[in-house]
Amino acid sequence: MSTPSTAANDSSLKRNMPTLLILIVSGALIYALPYFRYYYYDAFVKLFNINNTQMGALGSAFGGTAIIGYMCGGFFADRWPTRYLLTISLVATGLLGYLLLTYPPYPVVLGIHLALGITSIVTFWSALVKAIRSLANSDEQGRAFGLFEGGRGIVNMVQSAIILSLFGYLASKFSDKTALSAIITVYSTICLLLGLLVFTMYKDPAVRGGEKIELSKKVFEKEVFLKVAKMPTTWLCTIIIFTSYSTIISYFYITPYATLVFGTSAVFAAAMGYFSQYCRPVGCFVSGFMADKMGSSKMLTLLFVIMTVGLIALVTMPGKPSMVWMLLVFCAAIYASMYGIQSLHFAILEEGDYPLSVTGAATAIITPLGYSTEMIMPIIAGICLDSYKGAAGYKVFFSILIALSVTGFVTSLIWQYVTREKRALLKAQKLQKKEAAAAASV
């Protein structure tokens, strides 16, 4: 039993940090198998004996399953133990990777990518969000998700560099097939090991913050779904994700824009793209810890302001080579703020008064609609670039991103108004906890 002082100072996040680290790595590497083909495109097409259209169909198969999976996965997360869902997802993904090692005919490869959409999204994503929420107290949600998103960025940076070096070495010493097989083997084995670690380390909580956690007994609870759907915060959160994720999936258009307008070299422009991944952990870590101090939605509002200013500067800056350093400054602001907002997408659920037991129902609505921008923005970008020639097309598209960012800012202000009572309660609880800790230490 905890003593009064330890109970007052109790931090679920600190206690669960090893488990969080495993979930961070899992949340990054489970997506390596569905996406690695893009980084080794030519070798994949050649060795699997497919054409570009078939390669595109693999992405459509995975993406289409993912969109449906975001919705269905929410119901799974509220009905089955998170521990089992995460374990099954990781192990099944690893086994599908081993199946790829047989270099099967195209219909089988297509089926594998459909299955990967199930194992990495349907049974995994909503359960992962629920797991991250469960590891932290109500006043630690910002740093929990900040560490999660920032950590995923670091894992991806490190693993991509190691895997690229491995591929280059094996391809030069042996063959492309040996190199690609090694990559598939590494990713598949890691997924299996992570599955075992998650099963060993993660425990579904019975109680969290005085809330008894119970799994739904029904396949579909209409009452719970309708209750969540009627909550204004559900739709506000959806808009926040949609408006911010639009920039996250569109920032790479800055690369050709910089080359065209500022006259940067192709190498420098590409480096700007990679620069975004270095800004990601900084933005996520700082935003997460600041969110727990000032409130997740207040931090969210500030980040939307920073992102909007950065995008406006991008459009209005004179295209002179001497202004490239200013371009880098504003790009850093865009990159850090957009990833900071991403780290708070689900941290604000605590302010929205969503019990842990209905996390799945919330994500079943919020996630597919919020992330639907991934299908919409590339089409809008293409229309803008084809309709307006040269720099004008990019500026029109960036102006749309500015409008969406302003919408996100206004939505975050509305969120603060709607959740003012819950935020006041969380603030009071946090103050009470500090006073109890101070009294216990005397």
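Colleague: In this predicted model, where does Ser160 lie, and why is Ser160 called partly exposed?

Modeller: Ser160 has its place in helix α10, which covers residues 141–173. Its relative accessibility is 35%, and because partly exposed is the class between under 20% for buried and over 50% for exposed, Ser160 counts as partly exposed.

Colleague: What makes the approach of the Ser160 side chain to the backbone oxygen of Asn156 a polar contact?

Modeller: The side chain of Ser160 reaches that backbone oxygen of Asn156 at 2.7 Å, and the cut-off for such a pair of N or O atoms is within 3.5 Å, so the pair qualifies.

Colleague: Why is Ser287 called buried, and which residues does Ser287 touch, not counting those up to four places away in sequence?

Modeller: Ser287, which lies in helix α15 (residues 266–294), has a relative accessible area of 2%, and since buried means under 20%, the residue is therefore classed as buried. With that sequence limit applied, Ser287 touches Met299, Leu303, Gly340, Ser343 and Leu344, while its side chain reaches the backbone oxygen of Gly283 at 2.6 Å.

Colleague: How do you know that the radius of gyration of the protein agrees with that of a compact globule?

Modeller: For 442 residues a compact globule would have a radius of gyration near 22 Å, and the protein has 22 Å, so the value agrees. The C-alpha atoms fill a box of roughly 65 × 55 × 45 Å along the principal axes, and buried residues make up 52% of the 442 residues.

Technical notes
Residues are numbered from 1 along each chain as its sequence is written. This is a predicted model: local features need pLDDT of at least 70, side-chain atom pairs count only at pLDDT 80 or more; totals for chains, interfaces and linings use all residues. Side-chain values use heavy atoms; hydrogens and water are left out. Helices (H or I, at least four residues) and strands (E, at least two) are DSSP runs, numbered from the N terminus. Buried means under 20% relative accessible area, exposed over 50%, partly exposed in between (1.4 Å probe, protein chains only). A polar contact is a pair of N or O atoms within 3.5 Å; within protein, one must be able to donate a hydrogen and the other to accept it, and residues adjacent in sequence count only if both atoms are side-chain atoms. Contact means heavy atoms within 4.5 Å. The radius of gyration is taken over C-alpha atoms; the globule rule is 2.2 Å times the number of residues to the power 0.38.
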